[in-house]
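Please keep the model open beside the text.

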Amino acid sequence: MLESQSALPEAGLTSALASREIGPGAWTWYNDPRAIKGGSELVLGAQIQTGQTVVNRFNTSGVYQGRTVLTGTVQQDDHNNPALLLRASDGKLMAWYSAHNASEAYYQAISTNSGDASAFATPTNLDSQLGKTIYSYSNSYQLTGEANDPIYLFYRAGGPNLSTSTDDGATLSTGVQFITGANSDRVYVKFAQNGDDRIDCLLTSGNPSETVNCTIYHAYYQGGTWHGTDGTVLGSTFDFTAATLVWDGSTVDGEGWNWDIQIDGSGNPHCLIAVFPSNTDHRYRYAKWNGSAW
């Protein structure tokens, strides 16, 4: 059965995609996790050419097993791949997704059986619970080190929002914009789960094609509140400029994009950043927290 929330190994992904042409598809790296692995299946979420949101299934040898279509959105857009979550209580796969800037339509789909992504129950539209008007960019994590194993659902709805569930996704709280500040509606966030009680995020001050000196910050959630990298308490919500600076977009190398964030065995975040001195000059930076500084 499916066992792990961790990212799909590169070798497995290469083998899987080499084994069979499965048709045109797309995904954005601001929806995560996009892939999970387990004892018998590798599952990759995508949005295909027909405009449908799907999960593709492979065995652990990388052989393609089939595709399951998740109903509820038909739009050709790379923003629409699902965020995947392996529910701790029963091993069922949960998928969260919407069309890009969807109006009053945000879906949750749950697999029918544990460890089997070949069939899902009819998706539920969560709009009435979340209380928002438009949706995009899904990210989902579960912290089993906290009481009631809460699920944390992040998404954009006019800005970065957070909704939680303490009953395995049966009900979700009204969404709260957890990152605030001027231009916070254009903040982009990458997440990483650190063990069972912490979620890290790497965020921008905007979109570098629109925001002058687009800058990169880091923060993490633990124990009911957000913190700067050094542990400074930011609160239940925070202005993005109060988070810890990772990359200053006013430097000679220019604006930054947050490419990825991962956590090492010591609990320290590592991240990849793309910077753009010009439209035709793209450079890539690696940053890590050494316990006291980036």
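Glu104 lies in the loop between strand 9 (102-103) and strand 10 (107-113), where strands (E, at least two residues) and helices (H or I, at least four residues) are DSSP runs numbered from the N terminus. Its phi is near 55 degrees, a positive value in a residue other than glycine. The model is a predicted one, in which local features need pLDDT of at least 70 and side-chain atom pairs count only at pLDDT 80 or more, while totals for chains, interfaces and linings use all residues. Residues are numbered from 1 along each chain as its sequence is written, and side-chain values use heavy atoms, with hydrogens and water left out.

Asn148 also has a positive phi, about 70 degrees, although it is not a glycine. Asn148 sits in the loop between strand 13 (134-142) and strand 14.

| Residue | Relative accessibility | Class |
|---|---|---|
| Glu104 | 49% | partly exposed |
| Asn148 | 56% | exposed |
| Val275 | 0% | buried |

One more backbone detail concerns a proline. The peptide bond from Asp32 to Pro33 is cis, with omega near -10 degrees. Pro33 belongs to the loop between strand 2 (25-26) and strand 3 (35-38).

Three strands make up an open sheet in the order 25-26-27, with antiparallel pairing; two strands pair if DSSP finds at least two bridges between them. Strand 25 (255-263) and strand 27 (281-288) are the edge strands, each pairing on one side only. On average, neighbouring strands of this sheet are turned by 20 degrees against each other, direction ignored; the axes are lines fitted to C-alpha atoms, and angles run from 0 to 180 degrees between N-to-C directions. Strand 26 (residues 269-278) is joined to strand 27 by seven bridges, and the two run antiparallel.

Val275 is part of strand 26, and Arg283 in strand 27 stands opposite Val275. Which residues does Val275 touch, not counting those up to four places away in sequence? With contact meaning heavy atoms within 4.5 Å, they are Trp247, Asp253, Gly254, Glu255, Gly256, Asp281, His282, Arg283 and Arg285. Gly145, 130 residues from Val275 along the chain, has its C-alpha atom 36 Å from that of Val275.

Next comes the nonpolar core. In soluble globular proteins, nonpolar side chains tend to be buried together. A nonpolar core here is a set of buried Ala, Val, Leu, Ile, Met, Phe, Trp, Tyr and Cys residues joined through side-chain atoms within 4.5 Å. The largest one has 21 residues, of which Phe154, Phe178, Ile179, Phe191, Leu203, Trp226 and Phe238 touch the most other members. Strand 14 (151-156), strand 18 (189-194), strand 19 (198-204) and strand 20 (216-222) each supply at least two residues of this core.

Finally, the chain as a whole. Its secondary structure comes to two helices and 27 strands. The radius of gyration, 18 Å, is close to the 19 Å that the globule rule gives for 294 residues, so the chain is as compact as a globular protein of that length; the radius is taken over C-alpha atoms, and the rule is 2.2 Å times the number of residues to the power 0.38. Buried residues make up 53% of the 294 residues.

Methods:
Buried means under 20% relative accessible area, exposed over 50%, partly exposed in between (1.4 Å probe, protein chains only).
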